[in-house]
Amino acid sequence: MPEKLSDLSNKAAVVVQNNVTQALGLIYGLGMLTWTAFNQMNSNYWSYFLTEICGLEPTVMGTVKGITGVGEWFFVIIAAIIIERVWLKHGQYRSWLLVAPPATFICLLMTFIDPVFLDMGAKTAWMIGFQIVGGFFSSFFMIAATSIVPVISHTEADRTLLSQRKAQGNMLVKVLFAAISLPAILAINGLVYSVPAGENAQNAGPAGFTVLALVFGVIMIVMFFVMYKKIDGMDPTQKICEERALAKKEGKEVPPIPSADKVNLGEMIKYWVTNLPALVGLFAEIIRFIAQMTIQSMAMYVFTYAFGDVAMAAVMLTAANITGLIATFVSEPIARTLGIRTTYLIGIGISAVSMIACYFIGASGEMAFIVCICACFFGMNFMNGTMMGMQSNAIAYGEWRDGKTAKAFIMSTFQWCPKIANAVAGVLTGFGLSAIGFVSGMEATTALAQGMVNIISLIPAVCFVIAFVAFFFGYRLDSKKMAKIAEDLEKRREEGSILPD
């Protein structure tokens, strides 16, 4: 008997070490990259499209953004519950990679079409409706795509690979999108409306925006289909789902899904609120997004009033994104050597030190300020490169401790981060500007410049220090602990049960 257990342990170790290939990691990263590209149309151009192309008043545009933001946040939760409870034909997670992207594409493409046949009230309802429904469908494939990571990867190394490819793809496409999107819109409008491909050509009509959204959307659908094909057989729920679909098609008795494999709403909440690493990871990610959105929202103010050179704001953000892309490649070998927890802490530390330095020297000149911000982005993307691996480790820990876990529900909570952070950063920067006596169009002074640098540096710095302490003491899943968890879970899989002894 001892020999059999030893053989089983050795067998598990081999399987665990070779579960995710470089090819799968690349396809996963490319799939997530294409969604980021499609979604960048929304984050970069939708507000502008609503006011300058569709003719909505700025206050109406703000109302539309507010309503859709709340609606999308609410439907993230609904989508997670549906994924946990409703298992489609090709697997609990894998199926959504096939069915949700086309529905998302159709709905969000409609938000980049100007329905000139409608009055302003109906046009507003059109935009709100399609944006919320499109966001709802996007929640399905994004939750499924992130939930599949702890399903198909059984080791920290595999999770690191998938997490890094996602982060690298996201940063790469942000750099490329900034470089090509507006020139492409101007060129298309120049061809369609016979206007100069510059100056205000983007206001000539919706064609450039619509065509670009169409191209990015089609590419996204294709890549998620490739991802869906690549993970064929890796979703452990796929077999029973396909057996159920076949039985239903042939008019036979449909085999039930084992009750032990389903998670009800009460269990979802329980597995989430009792999983300290998952809660601490969520908190740290909210902090990262608060810092990022504070920097992005304050950059124009700082360069306008502190440095008198507004064009440098675009230069700074481009440089910061390139620095962030480099960070995702640098952090990958470090994460493989030191582990996800240590790498994530290094990222928080770099970001905290950078923003503390910005507080002291940021107002001294443009270059000092830009260097500090780029260093902060480097640290934040050190974190970003391991983010999904960090989440997946927390889910594996919960599964190891409790026997099962709410993968989709816990992963869905991380979709809240940018939504929560956007609101918090907006409040903090708004009150911060009020506190330093800022009034639009006021004369730039040394005190005003330092005040704005204080806002853009102190808010992230304080947040990062708090996040470092919380993560250091609350997230104890180091490489040694995760190796033990991976081995125990693999033994349970080999024995046909994931439940703890």
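A search of the whole structure, which is a predicted model, finds 9 salt bridges, a salt bridge being a side-chain nitrogen of Lys or Arg within 4 Å of a carboxyl oxygen of Asp or Glu. Side chains of opposite charge can pair when their charged atoms come close. Three of these pairs are set out below.

| Asp-232 | Arg-94 | 3.6 Å |

Helices here are DSSP runs of H or I with at least four residues, numbered from the N terminus. Asp-232 counts as partly exposed at 46% relative accessibility, whereas Arg-94 is buried with a relative accessible area of 3%; buried means under 20% relative accessible area, exposed over 50%, and partly exposed in between, with a 1.4 Å probe and protein chains only. In the pair of Asp-114 and Lys-123, both residues are buried.

Glu-285 and Arg-288 both belong to helix H10 (residues 276-306), where they are 3 residues apart, about one turn of the helix. Glu-285 counts as buried at 1% relative accessibility, and Arg-288 counts as buried at 3%. Elsewhere, salt bridges that share partners join Arg-165, Glu-332 and Arg-336 into one network.

Arg-288 also takes part in a charge-ring arrangement, in which its charged end sits over the ring of Phe-289, 4.8 Å from the ring centre. The criterion is that NZ of Lys or CZ of Arg is within 6 Å of the ring centre and within 35 degrees of the ring normal. The charged end of Arg-476 likewise sits over a ring, that of Phe-472, at 5.6 Å from its centre.

Among ring-ring arrangements, the count comes to 31 aromatic pairs, where rings of Phe, Tyr and Trp (its six-membered ring) pair if their centres lie within 6.5 Å, planes under 30 degrees apart counting as stacked, over 60 as edge-to-face and the rest as tilted. One of them joins Tyr-45 and Phe-177, whose ring centres are 5.9 Å apart and whose planes stand at 40°, so the pair is tilted. This pair links distant parts of the chain, 132 residues apart, with Tyr-45 in helix H2 (residues 22-53) and Phe-177 in helix H6 (residues 156-193).

In helix H9 (residues 265-273), the residues Met-268, Tyr-271 and Trp-272 are buried. They cover an arc of only 100° around the axis, which puts them on the same side of H9; the arc is that of the directions from the helix axis to the C-beta atoms. What covers the buried residues of H9 includes helix H3 (58-85), H10, helix H14 (387-402) and helix H15 (407-413).

Thr-429 lies in helix H16 (residues 417-435) and is buried, with a relative accessible area of 7%. Apart from neighbours within four places in sequence, Thr-429 is in contact (heavy atoms within 4.5 Å) with Thr-294, Ser-297, Met-298, Ile-455 and Ile-459.

Residues are numbered from 1 along each chain as its sequence is written, and side-chain values use heavy atoms, with hydrogens and water left out. In this predicted model, local features need pLDDT of at least 70 and side-chain atom pairs count only at pLDDT 80 or more, while totals for chains, interfaces and linings use all residues.

How values were computed
Helices (H or I, at least four residues) and strands (E, at least two) are DSSP runs, numbered from the N terminus.
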